[in-house]
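Hello,

Here is the structure for you to look over. My notes on what turned up follow below it.

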Amino acid sequence: MEFIKEFAAAFKAPEDDFKAIYLIKMTDLNKNLVLEVANRKLRCYYGEAENADVTATTNRDTVNTIVNGRATFQGSFMSSKITCKGDFKLLRTFDQLFRFE
């Protein structure tokens, strides 16, 4: 399962009361990567999340660039490589939760 190991390794546990669900739609793979953060734990899987706080749409190459530390999630959003909808405060916390090098 591509990218799951990378997100798990880069995860930095947030405050105890932080909860967020990020859904990353990769249009070229027709797959959705779900990142659920709650109780200082990460649950990462491919599937659906109707109650996602942030829904991002991008492609595999952009996600690959992020997990390899060559770009940030927010930087990719600012350069229009990712489109997002949902809670933009949680969008800004993404790069704090996942620190790729």
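**Helix α4 and its packing**

The buried residues of α4 pack against α1, β1, β2, β4, α3 (73–78) and β5 (83–86). Keep in mind that this is a predicted model.

Which residues of α4 are buried? They are Leu-90, Leu-91, Thr-93, Phe-94 and Leu-97. These residues sit on the same side of α4, because they cover an arc of only 165° around the axis. An α-helix has 3.6 residues a turn, so residues three or four places apart point the same way.

The N-terminal end of α4 has a cap, Asp-87. One of its side-chain oxygens lies 2.9 Å from the backbone nitrogen of Lys-89.

**The cores**

The largest nonpolar core has 28 residues. Those with the most contacts inside it are Phe-7, Tyr-22, Ile-24, Leu-33, Leu-35, Phe-73 and Phe-98. Helices α1 (4–10), α2 (60–67) and α4 (88–97) each give two or more residues to this core. So do strands β1 (19–26), β2 (31–38), β3 (41–46) and β4 (54–58).

There is also a second, separate core of five residues. Among them are Ile-21, Leu-23, Val-34 and Tyr-45.

Look at Leu-33 next. Leaving aside neighbours within four places in sequence, Leu-33 is in contact with Phe-3, Ile-4, Phe-7, Tyr-22, Leu-23, Ile-24, Met-26, Cys-44, Tyr-45 and Tyr-46.

**A buried asparagine**

Asn-32 is found in strand β2. Is this residue buried or exposed? Asn-32 is buried, with a relative accessible area of 14%. Its side chain makes a polar contact of 2.8 Å with the side chain of Glu-48. Not counting residues up to four places away in sequence, Asn-32 touches Leu-23, Ile-24, Lys-25, Tyr-45, Tyr-46, Gly-47 and Glu-48.

**Cysteines**

How many disulfides does a search of the whole structure find? The search finds zero. A disulfide is a covalent bond between the sulfur atoms of two cysteines. For Cys-44, the closest cysteine sulfur is in Cys-84, 16 Å away, so the two are too far apart for a bond. The cut-off for a disulfide is a pair of sulfur atoms within 2.5 Å. Both cysteines are buried: Cys-44 has a relative accessible area of 15%, and Cys-84 has one of 16%.

Best wishes

Terms used: Residues numbered from 1 in each chain as written. Predicted model: local features only at pLDDT ≥ 70, side-chain atom pairs only at ≥ 80, totals over all residues. Heavy atoms only, no water. Core = buried A, V, L, I, M, F, W, Y, C linked by side-chain atoms within 4.5 Å. Buried < 20%, exposed > 50% of the residue type's maximum accessible area, 1.4 Å probe, protein only. Helix = DSSP H or I, 4+ residues; strand = E, 2+ residues; numbered from the N terminus. Contact = heavy atoms within 4.5 Å. Arc of directions from axis to C-beta. Polar contact = N/O pair within 3.5 Å; in protein donor to acceptor, adjacent residues only side chain to side chain.
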